[in-house]
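Open the model in your viewer and keep the selection panel at hand. The stops below go from one selection to the next.

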Amino acid sequence: MILVAPSILSADFGNLTNEIKAICDAGCDLIHVDVMDGHFVPNMTIGPVVVTPVAKAATKPLDIHLMVEDNNFFIDLFASLKPMYISFHIESERHPHRVIQKLRALGIKPAIVLNPHTPPEAIEYLIEDLDMVLLMSVNPGFGGQKFISSVVEKAKKLKELINKRNPNCLIQVDGGVNDKNIHILKDAGVDVVVAGSYVFGNDNYSTAIKSLQV
Ligand code: DX5
Ligand code: ZN
């Protein structure tokens with residue numbers, strides 16, 4: 001079954017800890033936390049001052065998605081919150097293998113993110129050291145954008161590389177995911193989806209989450 005990670009970017013930040021409790025009670029699998037630095041992407045979000053109460057309220061593991069220039073700096077900021085995953089962009093990192101080793105040493109599962117233009121072959125020789133690869137299906141920076149459908153073919157290509165190099169590595173897709181495209185993602189071999197506006201835009205979080213757990 002596909003695992004669902006609601007992106008709290010679309011939550012009501014004036015009522016954040018209750019929102020976290022609500023998605024956990026509604027049966028989400030992970031909590032996706034989007035961290036943006038205003039440099040790698042043209043938006044800024046949250047740091048440890050806000051993510052600390054999120055981690056306290058959460059009864060599901062955190063999945064932190066870094067959209068930043070300086071990955072090492074942000075990993076050091078968030079490591080004490082013990083997220084299950086930290087993902088970082090291949091496009092912002094000159095030494096991705098070193099960052100993977102650092103995350104592993106901290107007891108955090110390493111994941112790498114690919115922007116829509118980046119081919120899966122770019123990370124072929126990192127797959128054996130990764131727990132997850134995140135394919136962006138929108139340009140990173142904002143919630144509520146339209147799904148870029150070329151990610152489906154990319155997921156299939158990535159799945160072939162994963163089967164060859166490390167079958168335990170998960171494929172995650174982030175951006176514009178909803179109940180209309182979930183089945184083509186499932187068929188392409190996707191294991192985990194992020195959903196922001198689709199989950200938080202639904203009056204019933206449980207119904208929305210269950211509709212993606214196919
Ligand atoms: C975009 C973020 C996503 C975003 C997804 O930069 O990485 O996690 O919040 O939001 P939706 O599901 O609304 O596209
Ligand atoms: Zn994200």
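Select ligand 1 in this predicted model and show what lies around it: 22 residues surround ligand 1. Ser7, Pro140, Gly143, Gly196 and Ser197 are the closest of them. Colour this shell by class, and 12 residues come up as polar, 8 as nonpolar and 2 as charged. Now switch to the cartoon. Strand E2, strand E8 (192-195) and helix H7 (197-200) each give the shell at least two residues.

Next, select His32, Asp34, His65 and Asp174, which an unreviewed UniProt entry lists under "binding site". Where are they relative to one another? They span 143 residues in sequence, but no two of their C-alpha atoms are more than 10.6 Å apart, so the four gather at one spot.

Stay with Asp34, in strand E2 (residues 31-36). Is Asp34 buried or exposed? Asp34 counts as buried, because 24 C-beta neighbours fall inside 10 Å and the threshold is 20 or more. Leaving out neighbours within four places in sequence, Asp34 is in contact with Ser7, Leu9, Thr45, His65 and Met67. Ser7 is also among the residues closest to ligand 1.

Move on to Asp174, in strand E7 (residues 170-174). Asp174 is buried too, with 25 other C-beta atoms within 10 Å. Which residues does Asp174 touch, not counting those up to four places away in sequence? They are His65, Leu134, Met136, Ser137 and Val194.

For the last stop, select His65.

Technical notes
Residues numbered from 1 in each chain as written. Chains lettered and ligands numbered in written order. Predicted model: local features only at pLDDT ≥ 70, side-chain atom pairs only at ≥ 80, totals over all residues. UniProt positions renumbered as here; feature names shortened; annotations may be inferred. Helix = DSSP H or I, 4+ residues; strand = E, 2+ residues; numbered from the N terminus. Buried ≥ 20, exposed ≤ 12 C-beta atoms within 10 Å, placed from the backbone. Contact = placed C-beta atoms within 7 Å. Near = placed C-beta within 6 Å. Nonpolar A, V, L, I, M, F, W, Y, C, P; charged D, E, K, R; others polar.
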